Amino acid sequence: MNTQSSSAHDVSFDIVPRAHRPLKPRTHGLTEIRAPYYSTFGTRHLQDVLDVAGQWVDGIKWAGGSFALVPKEQVRAFSDIAHEHGAYVSSGGWIETVLRYGEDAVDAYLREAKEVGFDTIEISTGFIMLPTSGLLRLVERVTAAGLKAKPELGIQIGSGGDSGEAELAAEGAKDVGDLIERARRTLEAGADIVMIESEGITENVTEWNTAAVASIINGVGLENVMFEAADGPVFEWYIKHYGNEVNLFVDHSQILQLEGLRQNIWGNKSTWGRVINPMFS
């Protein structure tokens, strides 16, 4: 049984030891949550969520350009609440849309992202054919603007939206080796972390491609990647196979369920009592 005391965290029932979880700001075991998108909510809801579970949230992400449908002062208010709770603010994959309008639009996007308090720009490539050289230039552009770059890479062509399983299967998949090489090069170019698209791996597939996950972790490093895992069986699988230091993106409704697994205070028949991460003095 792991023996890490929870006393460093502000929690009830800290008489019960848990698997070790470092205090924020963390460099591994990150949990990034979805801001309004599938579920529309406002700043009061975010405030409530982070008041209750903010110590387990490392970042929030606006998916699918949803921030572009909200008044600027509201986006800024979301950022302020996240920062007050020690969480970063990230865009989702909207740069794919902005790129259609050229260099000036990209620069304007980055300027406004800073104005509304974004810390990180996600650079998704699922819908577009972007060569590695172009991806590296985007990483450099984002970092030059004073923001953190988070390339999102995947093996499924056409990923990033709500396309069905059959539609994606018809598009085909890319080799995981290409993803690993692109991830390494973006990290060398200054990317902060690489988001791994779930489609083609654990989402909209007839069978999970767990071999791809192993190749990515072995090839890029567990600490350098974050996996999309906004589904209970998926994030449980990651914790079961890679421990509580794997970086995961989930829905905001799943924070405590995921954190219970990370800390080994709950689980199901295959994870209950098995998530161990000792901390020695």
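**Exercise 1.** In this predicted model, find which residues Asn244 touches, leaving out those up to four places away in sequence.

*Solution.* Start by placing the residue: Asn244 sits in the loop between helix H9 (232-242) and strand E8 (247-250). Next, list its contacts: Ala19, His20, Arg21, Gly29, Ile239, Arg262, Val275 and Asn277. Then look at the side chain of Asn244, which has a polar atom 3.1 Å from the backbone oxygen of His20.

**Exercise 2.** Decide whether Asn244 is buried or exposed.

*Solution.* The relative accessible area of Asn244 is 3%. Buried means under 20%, so Asn244 counts as buried.

**Exercise 3.** Compare the span of helix H4 (residues 103-115) with the expected one.

*Solution.* H4 has 13 residues. At 1.5 Å a residue, 18 Å is expected. From first C-alpha to last, H4 reaches 19 Å, close to that value. After H4 comes Gly117, with a positive phi near 90°.

**Exercise 4.** Work out how the buried residues of H4 are arranged around its axis, and what covers them.

*Solution.* First, name the buried residues of H4: Val106, Tyr109, Leu110 and Ala113. Viewed down the helix axis, they fall within an arc of 95°, so they line one face of H4. In an α-helix there are 3.6 residues a turn, so residues three or four places apart point the same way. The cover over the buried residues of H4 includes strand E3 (88-91), helix H3 (95-98), strand E4 (120-124) and helix H5 (132-144). Finally, turn to the face away from the buried side, which carries the exposed residues Asp104 and Arg111.

**Exercise 5.** Find what distance separates the C-alpha atoms of Asn244 and Asp104.

*Solution.* The two residues are 140 residues apart along the chain. Their C-alpha atoms are separated by 42 Å.

Methods
Residues are numbered from 1 along each chain as its sequence is written. This is a predicted model: local features need pLDDT of at least 70, side-chain atom pairs count only at pLDDT 80 or more; totals for chains, interfaces and linings use all residues. Side-chain values use heavy atoms; hydrogens and water are left out. Helices (H or I, at least four residues) and strands (E, at least two) are DSSP runs, numbered from the N terminus. The expected span of a helix is 1.5 Å times one less than its number of residues. Buried means under 20% relative accessible area, exposed over 50%, partly exposed in between (1.4 Å probe, protein chains only). The arc is that of the directions from the helix axis to the C-beta atoms. Contact means heavy atoms within 4.5 Å. A polar contact is a pair of N or O atoms within 3.5 Å; within protein, one must be able to donate a hydrogen and the other to accept it, and residues adjacent in sequence count only if both atoms are side-chain atoms.
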